[in-house]
Amino acid sequence: MSSIDPEKLPKHVAIIMDGNGRWAKKKAFNRIRGHEEGAKSVREIVRTSRETGIRWLTLYAFSEENWKRPAYEIKALMKLLKSYLKGELEEMLENNIRFQTIGRTGKLPKDVQETIRQTLEKTAGNKGMTLSLALSYGSRQEMVDTVKTLARRVQAGEISPEDINEKLIGSALYTADMPDPDLLIRTSGEYRVSNFLLWQIAYTELYITPTLWPEFRKEEYLTAIEEYQKRERRFGATSDQLADKER
Ligand code: IPE
Ligand code: IPE
Ligand code: MG
């Protein structure tokens, strides 16, 4: 049994789902089989998030840099994405889950874009949890797009350079309507963030596990949340100051 405190849940959990290829290699399967097994973890983690009461879940599914991969692997990933979305729509509707994406999704194949559009539309009114998939996502590219947006607004005379502050930048990012992640999980034991939500994770708690994504399931996810609940988030203040505030 897990001992999760429902009062101290992370509002937003973000996950770098890594290690599908290594899982497949370990089992002497091809990489695609690893991605298929990874999709099962996605289902379980989405379900568990909803059951636990997480309000925002963001999953790094395909990075801008992943376009470098062999064409057959990209093709398989796109096919898997499409069948995942079609297969999960029913459950998203039943469980009040709103679907959204972050990233340059205009680069995805047209049929995948169409499935995304339908999923967005059908789940738009759901309020239980927001599931965001980062697709063709890169944080530096997001910053480039954000700077362009703000530069255009200055050029149009809507804002002056002096108006630019953290809030305005936040509202021009792909994640404009989302709170910053409280907890970032990375599987497969890599100690890097691979161009994921660089602005947004300024004060996010990190949980890095050697577990490969296809083996990251409910039990360890709950452990990660428990671990998060033990952390003291100081945001630059001192421990004593936080204790004073609680009093
Ligand atoms: C994560 O698993 C899935 C994607 C990046 C799409 P990988 O495919 O990166 O697996 P490894 O890192 O090769 O083990
Ligand atoms: C990060 O995994 C991207 C996703 C999980 C979608 P990668 O496997 O692409 O990351 P690196 O290349 O090891 O940093
Ligand atoms: Mg990887």
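I began with Asn66 and found that a polar atom of its side chain lies 2.9 Å from an oxygen atom of ligand 2, which I count as a polar contact (a pair of N or O atoms within 3.5 Å; within protein, one must be able to donate a hydrogen and the other to accept it, and residues adjacent in sequence count only if both atoms are side-chain atoms). This is a predicted model, in which local features need pLDDT of at least 70 and side-chain atom pairs count only at pLDDT 80 or more, while totals for chains, interfaces and linings use all residues. In my notes residues are numbered from 1 along each chain as its sequence is written, chains are lettered from A and ligands numbered from 1 in the order in which they are written, and side-chain values use heavy atoms, with hydrogens and water left out.

I then looked up two further contacts of ligand 2: an oxygen atom of the ligand is 2.8 Å from a side-chain N or O atom of Arg192, and a polar side-chain atom of Asp18 is 3.2 Å from an oxygen atom of the ligand. On its own ligand 2 has 390 Å² of accessible area, of which the protein covers 78%; I note that such areas come from the Shrake-Rupley method with a 1.4 Å probe, and that for residues only the protein chains shown count as cover.

I next asked which element gives the largest share of the shell around ligand 2. It is strand β2 (residues 56-63), with four residues, where strands (E, at least two residues) and helices (H or I, at least four) are DSSP runs numbered from the N terminus.

Turning to ligand 1, I found one of its oxygen atoms 2.8 Å from an N or O atom in the side chain of Arg31, and I also found oxygen-to-backbone distances of 2.9 Å to a polar atom of Gly21 and 3.1 Å to a polar atom of Asn20. Taken alone, ligand 1 exposes 380 Å², and the protein buries 87% of that. The elements that give two or more residues to its shell are α1 (20-26) and α2 (31-52), and α1 gives the largest share, three residues.

Finally I looked at the whole protein, whose secondary structure comes to eight helices and six strands. Its radius of gyration, taken over C-alpha atoms, is 19 Å, close to the 18 Å that the globule rule gives for 247 residues, so the protein is as compact as a globular protein of that length; the rule is 2.2 Å times the number of residues to the power 0.38.
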